[in-house]
Amino acid sequence: MWFKNLRVFRLAEPFTMTAEALDEALESNSFNPCGKMDMSRYGWVSPLGPDGQTLTHSANGYIAIAAKKQEKILPAGVIKEQLDEKVRAIRAEEGRPVGRKERDGMKDEIIFTLLPQAFTKSSVDFAYIDTRNDQIVVNASSATRAEDMLSALREALGSLRVVPLTPKDPAIQVMTHWVREHELATDFELGDECELNASSDERVIRCKKLDLHDDQVRQHIETGMYVNKLAIQWKEAISCIIDDQFTFKRVKFADELLERAGDRAPETLAEQFDAEFAIMTLELSAFIRAAINAFGGESTDTLVSEATDL
């Protein structure tokens, strides 16, 4: 259950609800599979997997939650093919063109007919609430998926005031300084990948498997380019890509951490989840704190209103 992406949000007020109370709140929006005529369904599932009995799991002040999305698969090509056939038939039989409004109505009818026969695909997103540091950490590669989970959580709780965790110093500014000057915050090291963008035009240079101490990279920065994404390593424990939005992608944990969880010899999937979750959350908490400090501390300018747009 090791997180591969981190989108971190600051809670505007302490999260005082217990894991048991949160479980009860989520129950009314628990996941139900798509019905015959449903295009998609979204709801809460147990973070412990299909055999889990609760919708939350807590350890050391961290509460794990998980949401499942199920969608019907209707290939656009299949819909277009059937629509084109219907349009051709009308033109041949009635000798008239088919307008946009009529085409849209025919398309809706085709989708309505195909829905009961469609296959489904499912995905599960995980997050945890850090009650110690008043944060929510979502394991989502896209902002949309994180927003979906926060919206569902807000609906279950009635209110949820959060904003993205934002550093005082812009991420682009800090990352560019690190690569240009080779001066990183304590415990941070450059990885072997970065993305450079130009302020004056649309140039993008992607450097992969490259020594970022190379003068060639610095020369690009000297021409006015800036670092938009940067591979870093922290304490030889966590490596990832930081981007301009201060989100963390392709997160990898050191083998030593993975082995430590295995040393507990879990006998069930639930025990394995518990071992990994306990180690991961403690490590990520320290990493997030170090990262925000490395970027000048946390900005508090946006910690005000209900974040209904998230």
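## Strand E10 and its partners

Leu190 has Ile232 in E10 as its bridge partner. This pairing comes from a predicted model. Strand E8 spans residues 188–198. Eight bridges join E8 to E10, and the two strands run antiparallel.

E10 also pairs with strand E11, residues 238–243. Six bridges link E10 and E11, again in the antiparallel sense. One point on this side is Leu230, whose bridge partner in E11 is Ile242. E10 and E11 form a hairpin, with three residues between them. Lys235 sits in that turn and has a positive phi of about 55 degrees. E10 itself covers residues 225–234 and is mostly covered. Seven of its ten residues are buried.

Asp130 belongs to strand E5, residues 119–130. Is Asp130 buried or exposed? Asp130 is buried, yet it has no salt bridge. The nearest side chain of opposite charge is that of Arg132, 5.8 Å away.

The backbone of Arg132 is another matter. Its nitrogen lies 3.0 Å from a polar atom of the Asp130 side chain. Beyond its neighbours within four places in sequence, Asp130 is in contact with Gly61, Tyr62, Gln135 and Ser285.

## Leu282 on helix H8

Leu282 lies in helix H8, which runs over residues 269–294. Leu269 is 13 residues from Leu282 in sequence. In space the two are 20 Å apart, C-alpha to C-alpha. Leu282 has a relative accessible area of 41%, so it is partly exposed.

Which residues does Leu282 contact, leaving aside its neighbours within four places in sequence? They are Asn60, Tyr62 and Arg132. Tyr62 is also in contact with Asp130. Arg132 is the residue whose backbone nitrogen lies 3.0 Å from a polar atom of the Asp130 side chain.

## Two loop residues with positive phi

Asn60 is found in the loop between strand E3 (57–59) and strand E4 (62–73). Its phi is near 55 degrees, a positive value in a residue other than glycine. Asn60 counts as partly exposed because its relative accessibility is 42%. Asn60 is also one of the contacts of Leu282.

Lys209 sits in the loop between strand E9 (204–208) and helix H6 (215–222). Phi of Lys209 is near 50 degrees, also positive and also in a residue other than glycine. What is the relative accessible area of Lys209? It is 78%, so Lys209 is exposed.

## The protein as a whole

The protein has eight helices and twelve strands. Its C-alpha atoms fill a box of roughly 75 × 55 × 40 Å, taken along the principal axes. There are 310 residues, and 42% of them are buried.

Now the contacts. Among those with a separation of 6 or more, 70% are between residues 24 or more positions apart. The accessible surface comes to about 16700 Å². Carbon and sulfur atoms account for 47% of that surface.

Note on methods:
Residues numbered from 1 in each chain as written. Predicted model: local features only at pLDDT ≥ 70, side-chain atom pairs only at ≥ 80, totals over all residues. Heavy atoms only, no water. Helix = DSSP H or I, 4+ residues; strand = E, 2+ residues; numbered from the N terminus. Buried < 20%, exposed > 50% of the residue type's maximum accessible area, 1.4 Å probe, protein only. Contact = heavy atoms within 4.5 Å. Pairing = 2+ DSSP bridges. Lys, Arg positive; Asp, Glu negative; His and termini not counted. Salt bridge = Lys/Arg side-chain N within 4 Å of Asp/Glu carboxyl O. Polar contact = N/O pair within 3.5 Å; in protein donor to acceptor, adjacent residues only side chain to side chain. Areas by Shrake-Rupley, 256 points an atom, 1.4 Å probe, with all protein chains shown as cover.
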